[in-house]
Amino acid sequence: MHPGTTRSVLNPLETPVAQPVRQLSVFLHNRVGALMSLVRLLKDHKIEVLALSVQESTEMTLVRLVLSDPEGAEELFMERGIPHVVSTLVVVELREGDHDLPHVLSTLLAAEVNIHVAYGILTRPSHYPLLALHVDDNDIASDVLNHSGFKVITQGDLSR
């Protein structure tokens, strides 16, 4: 350790804070094979695509990704000069009954949380559908969903 640095020691009664799910957004030129090249690059570096959202425009395509190793992907993108933006998501597990999509939406509406982007997750650790939400306040969204009995998924739940 360098002089002046301190080592943090966890109290045995404290639990480490769970990492929220991270989304990497990448702009690709709107060319045939651009998405395949990006996915192949990730696969070649043993990074799995766990969720994917694609929005096309005339010249560019916005690709939102949830990955098994967001830190590794971010390093790879920086090394390769691939412009990207990292943001956090709220990922919620959907079940039948009181834990389905209409209840998620009504819970967030009651808390006045706005949803900017929503898409499904391809992998399901617990075999229930997962919904990725980019919202205006992750902390409030996670709290109200947890208090309403929903399971909010962390990056550790998705990464293998």
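This is a predicted model: local features need pLDDT of at least 70, side-chain atom pairs count only at pLDDT 80 or more; totals for chains, interfaces and linings use all residues.
Residues are numbered from 1 along each chain as its sequence is written. Local features need pLDDT of at least 70, side-chain atom pairs count only at pLDDT 80 or more, totals for chains, interfaces and linings use all residues, and side-chain values use heavy atoms, with hydrogens and water left out.

**Exercise 1.** Describe how helix H1 packs against helix H2.

*Solution.* Step 1: H1 covers residues 34-44 and H2 residues 70-80; helices (H or I, at least four residues) and strands (E, at least two) are DSSP runs, numbered from the N terminus. Step 2: their axes lie 11 Å apart, at an angle of about 120 degrees. Axes are lines fitted to C-alpha atoms, for helices over the stretch in contact, and angles run from 0 to 180 degrees between N-to-C directions. Step 3: H1 is therefore oblique to H2, since angles under 35 degrees count as roughly parallel, over 145 as roughly antiparallel, 65 to 115 as roughly perpendicular and the rest as oblique. Step 4: Leu38, Leu41 and Leu42 of H1 make the contact with Ala73, Leu76, Phe77 and Arg80 of H2 (heavy atoms within 4.5 Å).

**Exercise 2.** Describe how helix H3 packs against H4.

*Solution.* Step 1: H3, residues 101-110, packs with H4 at an angle of about 125 degrees, and the axes are 10 Å apart. Step 2: this angle makes H3 oblique to H4. Step 3: from H3, Val104, Thr107 and Leu108 meet Ala141, Val144 and Leu145 in H4.

**Exercise 3.** State the volume of the largest pocket and which elements line this pocket.

*Solution.* Step 1: a pocket is, on a 1 Å grid over the protein atoms alone, an open set of points where a 1.4 Å probe fits, with protein on both sides within 12 Å along at least five of seven lines; lining residues have an atom within 4 Å of a point. Step 2: the volume, the space filled by probe spheres set on the points, is about 270 Å³. Step 3: strand E4 (84-93), helix H4 (138-147) and strand E7 (152-153) each give two or more residues to the lining. Step 4: H4 gives the most, with five residues.
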